[in-house]
Amino acid sequence: MIARLDGLLAGAVVEGRAIAGFNVFGLDEAIEVVAAAERVGAPVILMTNKEIVRSIPVEVLGPALRAVAERASVPVGVHLDHTYEFPLIYRAVAAGYTSVMFDGSQLAFAENVARTRHVVEMAHACGVSVEGEIGSVSYNEAGSTIKDEPTDPGLAADFCRESGVDAVAVSIGTVHKLTDKSAAVDRGLLAEIAAATDTPLVIHGGSGVPNEDLRRMAQGPVAKFNIGTVLRRAWGDSLRAEFEQNPGQFDRYTLTRAPLRALRKRAEELIALLANGPVPKGIGTKTGEST
Ligand SMILES: [Zn+2]
């Protein structure tokens with residue numbers, strides 16, 4: 001069943017768990033992620049990221065992901081991640097996304113508040129939830145100009161109150177696109193932010209966070225983790241192995257069976273971990289193993 005971000009996160013906060021938001025790059029990936037959530041019996045969020053919208057328009061992705069969500073037996077959100085310009089947000093709202101993120105993290109505070117507030121007013125009028133960002137989560141990527149700026153708890157409180165966002169991404173030491181679990185999470189800062197605002201908190205760069213930190217933060221103040229790299233890696237490593245084992249194989253459908261199974265397994269492990277269920281077997285905790 002399809003679900004809005006505000007309702008999903010309110011439930012997560014009350015129940016002391018967090019919801020996984022996964023970047024998906026195709027319909028087959030979306031279907032596997034939802035199957036993983038159904039096996040665990042927990043909600044999940046399908047996310048469109050800023051890379052995939054360059055090749056597939058939100059007018060195609062939105063209705064397709066909604067169709068996947070509507071068929072699910074668990075609540076599923078359809079979210080457009082990191083946007084910087086209003087036109088894409090207008091198009092995503094019209095295309096059926098249940099939430100959008102406006103990322104004003106690179107702007108001055110007043111400008112971030114003003115632009116985010118505009119998005120909130122427009123999106124709420126259409127029944128769509130909004131995530132903002134205060135502080136800035138950097139990228140493990142050559143040439144990235146995105147700042148690494150820890151979130152100030154007082155500014156976070158002001159930002160949430162003045163913008164009216166349904167969820168807020170905060171910077172507490174995580175980094176986007178880490179391929180190992182090397183993020184040094186500042187849980188003290190997270191606690192200060194949580195004490196300053198009632199708005200549900202979102203952590204980006206979930207792939208780089210050690211499992212024990214994921215679990216503790218999910219039990220505590222974090223309502224949503226954005227996770228991308230771990231699924232890309234599961235898919236890509238498996239596809240590489242398929243090519244090596246079957247050098248004559250050219251068929252896309254055949255080649256992608258094992259990568260999709262690998263992706264689903266990782267998604268299932270993480271959904272269960274964040275839902276505070278029993279730790280499933282096979283969750284990697286070794287250094288260098290990304291989950
Ligand atoms: Zn992000």
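Which residues in α2 meet A64, L65 and V68 in α3? The legend to Figure 2 gives the reply. The model is predicted: local features need pLDDT of at least 70, side-chain atom pairs count only at pLDDT 80 or more, and totals for chains, interfaces and linings use all residues. Residues are numbered from 1 along each chain as its sequence is written.

Figure 1. Eight strands close into a barrel in the order β1-β2-β3-β4-β5-β6-β7-β8, with parallel pairing. Neighbouring strands of this sheet are turned by 25 degrees against each other on average, direction ignored. Helices (H or I, at least four residues) and strands (E, at least two) are DSSP runs, numbered from the N terminus. Two strands pair if DSSP finds at least two bridges between them. Strand β2 (residues 44-48) pairs with strand β3 (residues 76-83) in the parallel sense over five bridges, and T48 stands opposite L80 in β3. Helix α2 (residues 27-40) packs on the sheet and touches β1, β2 and β3; its direction makes about 165 degrees with that of β2. Axes are lines fitted to C-alpha atoms, for helices over the stretch in contact, and angles run from 0 to 180 degrees between N-to-C directions.

**Figure 2. The contact of α2 with α3.** L27, A30, I31 and V34 are the residues in α2 that meet A64, L65 and V68 in α3. Residues are in contact if their C-beta atoms, placed from the backbone, lie within 7 Å. The residues of this contact divide into seven nonpolar, no polar and no charged. Here Ala, Val, Leu, Ile, Met, Phe, Trp, Tyr, Cys and Pro count as nonpolar, Asp, Glu, Lys and Arg as charged, and the others, Gly among them, as polar. The axes of α2 and helix α3 (residues 58-71) come within 10 Å and cross at roughly 25 degrees. The two helices are therefore roughly parallel to each other (angles under 35 degrees count as such). Their crossing is right-handed, meaning that the near helix is turned clockwise from the far one by less than a right angle.

**Figure 3. The contact of α6 with α7.** The axes of helix α6 (residues 153-163) and helix α7 (residues 187-196) come within 8 Å and cross at roughly 35 degrees. This crossing, too, is right-handed. P153, G154, A156 and A157 in α6 meet E192, I193 and A196 in α7. The contact has five nonpolar residues, one polar and one charged.

**Figure 4. L5 in helix α1.** L5 lies in helix α1. L5 counts as buried because it has 28 C-beta neighbours inside 10 Å; the cut-off is 20 or more other C-beta atoms within 10 Å, whereas 12 or fewer is exposed and the range in between partly exposed. L5 and V128 are 123 residues apart in sequence but 8.2 Å apart in space, C-alpha to C-alpha. Leaving aside neighbours within four places in sequence, the contacts of L5 include G77, H79, S129 and E131.

**Figure 5. Strand β8 and its two partners.** Six of the six residues of β8 are buried. Four bridges join β1 to β8, which run parallel, and F22 stands opposite I227 in β8. Three bridges join strand β7 (residues 201-203) to β8, also parallel, and V202 stands opposite K224 in β8.

**Figure 6. K177 in a loop.** K177 lies in the loop between β6 and α7. Its phi is near 65 degrees, a positive value in a residue other than glycine. Most residues other than glycine have a negative phi. K177 is partly exposed, with 15 other C-beta atoms within 10 Å.

Note on methods. Parallel < 35°, antiparallel > 145°, perpendicular 65-115°, else oblique.
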